[in-house]
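Let's take a walk through this structure together, one stop at a time. Have the sequence handy as you read.

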Amino acid sequence: IEDFKRDPHLIDYVDENLIVLDSVETTFRNANLVKMDRFIIAFCMEGKASININNKNHTINADYCAIILPNTIVRHLHASEDCSFRVVAISSKFMKEAISSRKETWDIGYYLYNNPVFPINRNSSYKLYLYKEIALTTINESEHAYSKEAKKHLFSAIFCEILGALHQNIPVQEDSPNFRNDRSMSIFRKFLEKVAEDDGSHRSVTYYADQLCYTAKHLSTVVKK
């Protein structure tokens, strides 16, 4: 996140949990490799960009969105001269407060890891456009006693709208041949579902291993894999 702060003229807003920018191209122009430490949500408003995310090449066109998860490796962002982005970077702490840890959240996280770039349909795009206008107005207006809370809930709403739209369109992963044939992935998925059921209230590996009828050592190995 400190890389963004080196280009202060690009920053519209920054606090300990949120940073809003009007471009990322200059930040990464000469970067060979960057490891993200926050959730990055990038809307391509105009133009076109190419980016390598976790060793996979992606093209981001106008009306596309990229959601980059923490610990993601990003390389070689190249944008056309007319390319325009709106970017929001959100801390993990903020996201834990904004959304609950349930099955749908894990499904979306797994989907985003494999599909970080996707188009925004027209209905969602218009709603997000309205959110964007409200967000910019809120950021640019004079501070008041509840400004921090207003920004927090506003960006929480924006992220939840994106996740909701994604969840409606992600495929059922059990139908994937790779999922059916990968026993480790099946165990991992069941583990995530158990964590989601109790909102992560249990912190013992042994507890979840017992729930799934595996040894703690085997479950640890699978999760690390």
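Predicted model: local features only at pLDDT ≥ 70, side-chain atom pairs only at ≥ 80, totals over all residues.

Start at V87, which sits in strand β9, covering residues 84-90. Strands here are DSSP runs of E with at least two residues, helices are runs of H or I with at least four, and both are numbered from the N terminus. V87 is buried, at a relative accessible area of 1%. For these labels, buried means under 20% relative accessible area, exposed means over 50%, and partly exposed is in between, using a 1.4 Å probe and protein chains only.

Residues are numbered from 1 along each chain as its sequence is written, and side-chain values use heavy atoms, with hydrogens and water left out.

A salt bridge here is a side-chain nitrogen of Lys or Arg within 4 Å of a carboxyl oxygen of Asp or Glu. R86 is buried, with 16% relative accessible area, while D12 is partly exposed at 30%.

How many salt bridges does a search of the whole structure find? It turns up six. Another of them joins E97 and K93, at 3.9 Å from N to O. These two are four residues apart in helix α3 (residues 92-98), which puts about one helical turn between them. K93 is exposed at 52%, and E97 is partly exposed at 44%.

E97 also meets K152 in a salt bridge, this time at 3.1 Å from N to O. K152 lies in helix α6 (residues 147-169) and E97 in helix α3, so the pair ties together parts 55 residues apart in sequence. K152 is partly exposed, at 31%. Put together, K93, E97 and K152 are linked in a network of salt bridges.

What about disulfides? The structure holds zero of them, with a disulfide being a pair of cysteine sulfur atoms within 2.5 Å. Take C44: its closest cysteine sulfur is in C83, 4.1 Å away, which is too far for a bond. C44 is buried, at 2% relative accessible area, whereas C160 is partly exposed, at 35%.
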